[in-house]
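Please open the model in your viewer and keep the selection panel at hand.

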Amino acid sequence: MAKKFLSGDEAFAEGVKLARPQVISAYPITPQTIVVERLSEMVENGSLKSEFIHVESEHSALSCAIGASAVGARAFTATSSQGLLYMAECLPYASGGRFPIVMMNANRSTALPWNIYGDQRDSISQLDSGWIQAYAENAQEGLDFALMSYYIAEHKDVSTPFMVNLDGFVLTHTYETVDIPTQELADKFLPPYETDNRLDIENPKNMAFSAGPEHNFIFKYKEHQALLNAKKIITEAEKRFADIFGRKYTGLLETYRTEDSDYILITLGSIAGLCREIADNLRAKGKKTGVVRLRYLRPFPTEELVTAVKNAKAVGVLEKDISFGNEGTVFTNVNSALFQAKTVIPSYNFIGGLGGKNISHEDIENIFDLIENGAERVNFIGIEGGD
Amino acid sequence: MTEIIWLGRGGQGAFTAAKLLGAAYALKGDNFYSLAFPSFGPERRGAPVRAFTKLDIKLIADRSETEKADYIIILDDTLYNDSLKNLLKSDGKIIVNSKREIGGNSYIFDGNSISEKLNLPTVNTVMLGAISALSEIVYADDLHKAIELYMPEKIQTKNKQAVDNALKEVCR
């Protein structure tokens, strides 16, 4: 293993390199650009043996990756924001075709007003596209996701594309120390991609076909089952990862001091660290506070979430997302999980960080205060009364 | 946690300095953690740039831009203004690369003279040497190692010299 001082984008590129993708197709967009720049340099200098395809758009980037995966190649692409939205037509082609492509998405706001800073409205708008969706908290987790995502996506019980999300700038452009595994250990963790779901002239079969109402329905059911199967394979991949690399992850979500918490803040991505710090500060003042970090939004950690928060007096959901005219989508998902389990706890939604707005210490202290003392259903951090 | 804000103009290498300081600190050992990041957004040559280094002996959870710094290091003295003291902790210090009196309690350091003598187009590693001498957060050896790891080979010698010359100047 080698320790290096890298940005989230650079760390992710190192992780992708270790996964040995045979085809990389991408179009640059801030704040994703550095990932594909580094990968293109690695291919150019021969340290990564891969076909790098400079395409003319994100729509083509994913189309290329689908074509590569359809002949049994391990494929990688990366995008952000409007790029992901331009790709949107192809997302269900990849998931419906059961092509286990890995994509890094640098979370960034969507226009208008045009903005290059980080929020999570881009990826969350694509939750129903049939992709696995994971969210990293730091550069190390990003690198580790790059490796683990292929193991999970390519597993025969899953065979589903995987989107790894890194908060734009806060993760993609922040430098920190990252442990880079050796290629030897990475190869031990991740075997070459083998699949029957590929174009094979020795054994020709029909792929990427159309299906009428009767059969189409069964395909969609199987897609859903595959995403649910991913839960088990995520656990398996993390155990294997810990055995080989010694770093442990906690599945679909990560809990912090939730066992005896009265007030729990549920969130995702890079803001979780600050939430834990504030929870500690409040604990020192006698408040029983805790944090849940959702590592995956698809599959959604329905049971795990209920187990983590069921004894709390109230919960809050902090997200960099809003489904206009309703509430934050993560909040909707959280409430659904609680309701299904007949767990009735007051829950409040906190919308923050849209368009890259900073979420401060005081903001998170206020959020915990509002969780304890009651708030509106949907609260925009820093905007009094919401108008 | 020690927090440093770097102020410079696009092209002066403020972010490179922020990154080298973070890397040098992390190189001290397993229990030394650092984050380095630029003020987020588009990059333009000549425009004011901010960069941040955060250093601690535990994992750094707070990734937001520094609101109260231990040090503000200014590479271009036209970027100095009195309100910068609002961004300082009570015992925080401002270090300005300048040949003239700036006012306030700023520490003036003539970094340009050092970089000019070395024929270096940037003053960032000179100021890195100055902060190292004034703060002792990192030592010359740590900075040399960081330069060897993260700067292109052909500019390493001059930049290491810049660090050393600045250190000598501060200690003089």
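## Two helices of chain A

Helix 1 of chain A and helix 7 of chain A are roughly parallel to each other, because their axes cross at roughly 25° and angles under 35 degrees count as roughly parallel. Bear in mind throughout that this is a predicted model. To see the pair, select residues 8-18 of chain A for helix 1 and residues 139-154 of chain A for helix 7, whose axes come within 8 Å. Viewed as a pair, helix 1 of chain A passes helix 7 of chain A in a right-handed crossing.

Now show side chains at the contact: helix 1 of chain A contributes A:G8, A:A11, A:F12, A:E14, A:G15, A:V16 and A:L18, while helix 7 of chain A contributes A:A139, A:Q140, A:G142, A:L143, A:D144, A:A146 and A:L147. Coloured by class, the contact of these two helices has eight nonpolar, four polar and two charged residues.

## The sheet of chain A

Next, select the strands of the open sheet in chain A, which has seven strands in the order 3-2-4-5-7-6-12 and mixed pairing. Which strands are at the edges? They are strand 3 (51-54) and strand 12 (296-298) of chain A, each of which pairs on one side only. Looking along the sheet, you can follow a twist that averages 20° from one strand to the next.

Within this sheet, zoom in on strand 2 (residues 23-26) and strand 4 (residues 75-80) of chain A, which pair in the parallel sense over two bridges.

Colour chain A by its domain assignment, with domain 1 covering 2-245 and domain 2 covering 253-380. The centres of the two domains, taken over C-alpha atoms, are separated by 27 Å. Their contact takes 22 residues from domain 1 of chain A and 20 residues from domain 2 of chain A.

On the side of domain 1 of chain A that touches domain 2 of chain A, select helix 6 (121-124), strand 6 (132-135) and helix 9 (213-245) of chain A, each of which supplies at least two residues. By class, the residues on this side of domain 1 of chain A divide into 12 nonpolar, five polar and five charged.

## Where chain B meets chain A

Bring chain B into view and select its contact with chain A, which takes 18 residues from each of chain B and chain A. On the side of chain B that touches chain A, helix 1 (14-26) and strand 2 (33-38) of chain B are the elements that give two or more residues. The largest share of that side, five residues, comes from strand 2 of chain B. The side of chain B that touches chain A has 10 nonpolar, four polar and four charged residues.

## A helix pair in chain B

Finally, select residues 140-150 and 156-171 of chain B, helix 4 and helix 5, which pack at an angle of about 160° with their axes 10 Å apart. That angle makes helix 4 of chain B roughly antiparallel to helix 5 of chain B, and the crossing of these two helices is right-handed. Among the residues that make the contact are B:L143 and B:I147 of helix 4 and B:V163 and B:L167 of helix 5 of chain B. The contact of these two helices has five nonpolar, three polar and three charged residues.

How values were computed. Residues are numbered from 1 along each chain as its sequence is written. Chains are lettered from A and ligands numbered from 1 in the order in which they are written. This is a predicted model: local features need pLDDT of at least 70, side-chain atom pairs count only at pLDDT 80 or more; totals for chains, interfaces and linings use all residues. Two residues are in contact if their C-beta atoms, placed from the backbone, lie within 7 Å. Helices (H or I, at least four residues) and strands (E, at least two) are DSSP runs, numbered from the N terminus. Ala, Val, Leu, Ile, Met, Phe, Trp, Tyr, Cys and Pro count as nonpolar, Asp, Glu, Lys and Arg as charged, and the others, Gly among them, as polar. Domain bounds come from an automatic or database domain assignment. Axes are lines fitted to C-alpha atoms, for helices over the stretch in contact, and angles run from 0 to 180 degrees between N-to-C directions. Angles under 35 degrees count as roughly parallel, over 145 as roughly antiparallel, 65 to 115 as roughly perpendicular and the rest as oblique. A crossing is left-handed if the near helix is turned anticlockwise from the far one by less than a right angle, and right-handed if clockwise. Two strands pair if DSSP finds at least two bridges between them.
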